[in-house]
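Here's a quick tour for anyone opening this one up for the very first time. Take a look, then read on.

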Amino acid sequence: MKTEETDILVIGAGPAGLIAAREAARRETKVMILEEHVEIGRPCHCAGLLSIKGLEQLGLPNNEFYVQNKVKGARFFSPSGLSFTVEKEEDVACVINRFLFDQYLAKRAIESGAKIVLNEKIKTIKLDGKEVVIQTENDKFAAKMIIDAEGASSNIIKDVGLKPINRYLAVPGIQYDIENVDVDAKYVEVHVGKKVAPGLFAWVIPLNASKARIGLGCKGANPKFLLNEFVKRRFNNTHVTISEVRSGLVITGGPINRTFCDRFIVVGDAAGQVKPTTGGGVVLGGICASIAGKIAAKAVASGDYSADFLKQYENMWKNQLGVEFRTMLLARRILNRLSDQTLDKIFRIAVKENIQDLFSAEGDMDFQSGVLLKLFKKKEALGALPSLLRDTLRF
Ligand SMILES: Cc1cc2nc3c(=O)[nH]c(=O)nc-3n(C[C@H](O)[C@H](O)[C@H](O)COP(=O)(O)OP(=O)(O)OC[C@H]3O[C@@H](n4cnc5c(N)ncnc54)[C@H](O)[C@@H]3O)c2cc1C
């Protein structure tokens, strides 16, 4: 069997792998992506809510064929049904079709010179002094270095001795595309509470006024059961038509400690580069992937694939996003400990003190640390402090 050789081998054709591959291939390097599935973008396990600012940061248009809807805000609902709205004058987020989005990213990667090989599941990789040897079910490949973008499955990373994401801190997610419903096409809904979705939240993302993506992530409960209950409650037991079911693991534990070693970089979900507050990983993972592609191309140009050289990648993404991940992780840890009574209390204070105005004016879907730190410091938040402390210190 002949071994196919390349400069950079990317594991996985999800958004992180495709963005990293494009950035590297644009810089005159030989890039090959191996994807285990027979088609890019399927199976899909994503709600497809991406901020318009985030798309801009990734250099991606917000008016392409993959955009299904645009929204201008979100309505948050407490366990007892209290609610407040965070919104902007203009649209802030796109609801995308992830299959078409991934296809678009693949086209761009190929146009930049990357080669994509489908139906090749990587079984093992072995680092030796001069190259990396990759074994799939049927073939053997050799590369100067690897960009691991294998997603939440996070298996290959163990072959190089790096620590994978902590699965204990990930939550199973499930969602339906539903039709024949009555929703506000301009607002996403977020429902929190231990009975609704312990460990994350439930969402309703409108595709238009009669179609939506409804889902939840939860820990320690049956996601399908909770989602069915939520659908019944949300639509008052009226009949809804389910056209598609998706499920997957939502990463909420923050990035892994080390994202590089000799001849190896890890990006996206596999590196835990996902917002711990929401489980959204396309934009921040994409930013990290873009850095990874650039540094990998530099490694090829310089012939230096050492951990010392590749450390630049980690330094760069941590400089840009380290505080964001740490702050969102703290917020997620606090949220996970709150009882439904405390959540209701926080909502009451938020409504009374118009805290939604702070979110509307200064909130950013991806870079959340600024508004979260301001919220932690707000004197109005003191009213919830005793309950917050009681819940967070309970063991
Ligand atoms: C229910 C749910 C809803 C979500 N909603 C949102 C949302 O609204 N907005 C948002 O930003 N994020 C959302 N996310 C998160 C988002 O889907 C991920 O952060 C994103 O897909 C990560 O991209 P990735 O490229 O790192 O991994 P993936 O998209 O998982 O891609 C990894 C690729 O690697 C391939 N692969 C894996 N192992 C191998 C192997 N051994 N050999 C070859 N190929 C392999 C896989 O087949 C896959 O194609 C959601 C996640 C879930 C589960």
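Two strands count as paired if DSSP finds at least two bridges between them. Helices (H or I, at least four residues) and strands (E, at least two) are DSSP runs, numbered from the N terminus. What you're looking at is a predicted model, where local features need pLDDT of at least 70, side-chain atom pairs count only at pLDDT 80 or more, and totals for chains, interfaces and linings use all residues. Residues are numbered from 1 along each chain as its sequence is written.

**The big picture**
- The protein has 10 helices and 18 strands.
- Its C-alpha atoms fill a box of roughly 65 × 45 × 40 Å, taken along the principal axes.
- The radius of gyration is taken over C-alpha atoms, and the globule rule is 2.2 Å times the number of residues to the power 0.38. For 395 residues a compact globule would come out near 21 Å, and the protein has 21 Å, so the two agree.
- A residue is buried if 20 or more other C-beta atoms lie within 10 Å of its own, exposed if 12 or fewer, and partly exposed in between, with C-beta atoms placed from the backbone. Buried residues make up 45% of the 395 residues.
- Two residues are in contact if their C-beta atoms, placed from the backbone, lie within 7 Å. Of the contacts with a separation of 6 or more, 71% come from residues 24 or more positions apart.

**Strand E1 and its partners**
- Strand E1 (residues 4-11) has 6 of its 8 residues buried, so it is largely enclosed by the rest of the structure.
- E1 pairs with strand E11 (residues 140-148) in the parallel sense over 7 bridges. Threonine 6 has alanine 143 in E11 as its bridge partner.
- E1 also pairs in the parallel sense with strand E2 (residues 31-34), over 4 bridges.

- Strands of a sheet pair through backbone hydrogen bonds, either parallel or antiparallel.
- An open sheet of 3 strands runs in the order E3-E7-E4, with antiparallel pairing. Its edge strands, E3 (49-51) and E4 (67-71), each pair on one side only.
- E3 and strand E7 (residues 93-96) pair in the antiparallel sense over 3 bridges. Serine 51 has alanine 93 in E7 as its bridge partner.
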